[in-house]
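Colleague: I am new to this structure and would like to go through it with you. May we begin with a term that will be needed along the way?

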Amino acid sequence: MTTGALVLAATPIGDPADAAPRLSAELTGADLVAAEDTRRTLRLASALDITLTAPIVSYHEHNEASRTAELTARIAEGARVVLVTDAGMPSVSDPGYRLVQACVEQELVVTCVPGPSAALMALAVSGLPVDRFCFEGFPPRKAGPRAAMLAGLAQERRTMIFFEAPHRLADTLGAMATAFGADRPAAVCRELTKTYEEVRRGPLEELAQWAVEASRGEITVVVQGATPRAADPAAASERVRELVADGVRLKDACKQVAAETGLPARELYESVLSRRSS
């Protein structure tokens, strides 16, 4: 009897030729295939020249919560369940996290078929620093929450990777220009590995203007992190005092300004205290 397992299987982000050989083996050997879109999975199987003999069930954002229990029960019974999404790695801005979490809680086996990644490919071709980076997924759709999220990332020093829908791209790039600065370097990567693959590089303001007419296809945005600014200790101490005057605890204010400036929180704390006592 085979041991049950959940197999997170990465699918091509565009070109079917990028599929890992193991993807075909897992799909043909599965006891059950859970797919974000069953029709797209069948088309992928055709492109890979394989025949799926296992039952295929849908697993997407609208039924993820209700179907998770059904799939974990099958895995617990010994089934090998292969989870695929429309493109890329399941659970990364796609359905799958709930199922992985449920399997982990029940001590069921979770494994993975590695494969193409739009986020890592975009980072690699962006021309921006790759030594440290963070993945932020899709920004909020509404303007207010989106602006708040981006404001919180304004001093992030790592290169940032985002996904975005084409019809929101221009607005999002404009919001990024406001939050990060119009001249912040960035890259918009669209239709990666597909026929009309394009990588557009430039400052955020310029990209926002370009996107008004040119945003089509699957989009990944890569934005350079903030450049550390030369900190002025006196100005930093004054910033701490302003925060304290607004009701922030001294210790918390020092931590916040330390994160913004790179100055040690202890030095800021002692500076403010010494001024109080003088």
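This is a predicted model: local features need pLDDT of at least 70, side-chain atom pairs count only at pLDDT 80 or more; totals for chains, interfaces and linings use all residues.

Colleague: Which domains does the assignment give?

Modeller: The domain assignment gives domain 1 (5–116), domain 2 (140–223) and domain 3 (233–275). The centres of domain 1 and domain 2, taken over C-alpha atoms, are 30 Å apart.

Colleague: What is the area buried between domain 1 and domain 2?

Modeller: About 340 Å² is buried between domain 1 and domain 2, and carbon and sulfur atoms give 64% of that area. On the side of domain 1 that touches domain 2, the residues divide into one nonpolar, two polar and two charged.

Colleague: How many residues are in contact there, in domain 1 and in domain 2?

Modeller: Five residues of domain 1 are in contact with four residues of domain 2.

Colleague: How many salt bridges are found in the whole structure, then?

Modeller: The search finds 13. One of them joins the side chains of R40 and D86, at 3.7 Å from N to O. R40 lies in helix α2 (residues 38–47) and D86 in the loop between β4 (80–84) and α4 (97–105), so this pair ties together parts that are 46 residues apart in sequence.

Colleague: Changing topic, what does UniProt list at residues 231–274?

Modeller: An unreviewed UniProt entry places "domain: RsmI HTH" there. Residues 231–274 are 80% helix and 0% strand, and their end C-alpha atoms are 19 Å apart.

Colleague: And for residues 6–208?

Modeller: The unreviewed UniProt entry lists "domain: Tetrapyrrole methylase" for residues 6–208. That span is 38% helix and 22% strand, with its end C-alpha atoms 41 Å apart.

Notes
Residues are numbered from 1 along each chain as its sequence is written. Side-chain values use heavy atoms; hydrogens and water are left out. Domain bounds come from an automatic or database domain assignment. Contact means heavy atoms within 4.5 Å. Buried area is the accessible area (1.4 Å probe) that two parts lose on being put together, summed over both. Ala, Val, Leu, Ile, Met, Phe, Trp, Tyr, Cys and Pro count as nonpolar, Asp, Glu, Lys and Arg as charged, and the others, Gly among them, as polar. UniProt positions are given in the numbering used here, feature names are shortened, and annotations may be inferred rather than shown by experiment. Helices (H or I, at least four residues) and strands (E, at least two) are DSSP runs, numbered from the N terminus. A salt bridge is a side-chain nitrogen of Lys or Arg within 4 Å of a carboxyl oxygen of Asp or Glu.
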